[in-house]
Amino acid sequence: MSLLGFFQWCEQSGIGDTIRRSSWLFPVIEAIHLLGLGVIGGAVLTVDLRLLGLGLRRQPAAQLARDAQPWLVGSLLLMLITGSLLFLSEAIKCYYHEAFWFKMASLFLALVFTFTIQRKVIMAGETRVRPVWSKVVALVSILLWSGVGIGGRWIGFS
Amino acid sequence: MQIRLLAFLCCLVLAICYQATARTAAPTWGNAGRQTHVFSTVLLQTPAPQGIGGSLLAFFSRLGDSSWSVGLHESRYAYDLIESVHVWTLCLFFGLAVMFDLRLLGWTMRSVPVSEVARRLLPWTVVGFVVMVISGTLLFTAIPLRSYQNIFFRTKMIMLLLAGLNVWIFHSGVYRRVTTWDVASVPPRAARVAGALSLVLWVCIVLSGRMIAYNWFDCDRQPQRPIINFMTSCVPNQSEEH
């Protein structure tokens with residue numbers, strides 16, 4: 001099955017069809033999706049502002065990352081579930097929309113970066129990583145997650 | 001430092017809007033660029049609009065005819081850009097406000113003193129809130145009358161006032177005695193209530209904010225129940241009702 005074929009299959013699925021035919025399902029799922037985005041933003045920024053030296057200062061970044069982890073992972077799961085539902089209802093539109101591919105690329109990079117490079121830098125602790133690298137890592141993290149959020153918003157603009 | 005950042009962000013938002021509107025303002029002066037809203041014409045013939053908040057209808061109708069409003073409404077990118085800023089800043093404001101509320105509930109950062117979280121993270125929520133208000137005001141200016149008569153917009157504004165009241169009660173009440181419970185992993189009941197209330201209110205504000213764009217109770221979608229028209233100060237056109 002080609003990629004477009006897969007997207008067509010998604011579009012024709014029962015779930016996609018149900019969401020499309022309801023006047024309120026899409027808006028409600030989208031609003032929950034937006035809430036998830038906000039919580040991800042909070043969890044990511046708490047850690048990134050710490051790395052930049054602009055947020056909490058007295059606690060080790062590793063400890064803040066552990067504290068924020070359940071909220072990051074929880075809201076990420078919420079985003080993936082609601083996002084998949086939204087996608088099923090308009091898969092063909094997504095296939096032809098640059099913003100969708102931009103968002104997926106940003107999401108992939110953000111996930112890989114957060115759970116590999118950023119995690120390693122944070123867990124290594126302040127003494128073993130030069131401060132400038134912590135800041136670079138935080139900025140890249142903010143940029144990648146911003147790409148996900150803004151890309152998502154632009155899927156809605158035609 | 002925060003003040004300079006705040007000023008910079010405000011200037012950025014305004015500059016983007018100015019740029020975006022300047023290019024398209026000229027060709028949209030004609031009638032084609034006007035907001036075509038059925039009730040702005042009805043309004044002129046109706047001396048006393050019904051429903052809640054009807055007295056402001058004429059003002060927002062005029063605002064909708066202003067060059068700023070038309071420019072924002074008609075520009076190819078201004079509205080989308082401002083809305084993107086609004087969504088991005090939602091992550092900053094709502095995200096960090098949620099983290100603080102979760103700390104008040106004792107659900108995260110339990111070993112970090114509450115006053116520390118407040119001192120280091122709440123200034124960011126202030127910055128975020130200012131950008132939210134500026135970008136939100138611009139979004140409202142682009143579609144003033146329709147937004148004003150939107151039931152979700154009205155709900156959002158009322159809940160914003162309640163959220164502000166909650167902030168004020170928290171900071172002038174239990175937070176004044178923060179030194180006595182600063183390091184408690186689970187703060188006292190009054191603080192937890194404030195955190196929970198804040199969480200619920202902001203979640204509802206985000207939800208109703210998103211729903212503004214999907215207004216099932218729009219004035220132009222008649223017939224609506226009389227109670228809906230009353231709450232949105234709609235004056236349904238006689239000919240449209242049949």
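I took helices (H or I, at least four residues) and strands (E, at least two) as DSSP runs, numbered from the N terminus. With that, I found seven helices and zero strands in chain A.

My note on the source: this is a predicted model, where local features need pLDDT of at least 70, side-chain atom pairs count only at pLDDT 80 or more, and totals for chains, interfaces and linings use all residues. Residues are numbered from 1 along each chain as its sequence is written, and chains are lettered from A and ligands numbered from 1 in the order in which they are written.

I looked up burial next: 37% of the 158 residues of chain A count as buried (20 or more other C-beta atoms within 10 Å of the residue's own, with C-beta atoms placed from the backbone).

Then I turned to the contact between the chains (two residues touch if their C-beta atoms, placed from the backbone, lie within 7 Å). Chain A puts in 27 residues and chain B 27 residues. On the side of chain A that touches chain B, α3(A) gives the most, with 12 residues.

How do α3(A) and α10(B) pack? I read an angle of about 135 degrees, with the axes 9 Å apart; axes are lines fitted to C-alpha atoms, for helices over the stretch in contact, and angles run from 0 to 180 degrees between N-to-C directions. The two helices, α3(A) and α10(B), are therefore oblique to each other (under 35 degrees is roughly parallel, over 145 roughly antiparallel, 65 to 115 roughly perpendicular, and the rest oblique). Among the residues making this contact I noted Leu34(A) and Val203(B).

How values were computed:
A residue is buried if 20 or more other C-beta atoms lie within 10 Å of its own, exposed if 12 or fewer, and partly exposed in between; C-beta atoms are placed from the backbone.
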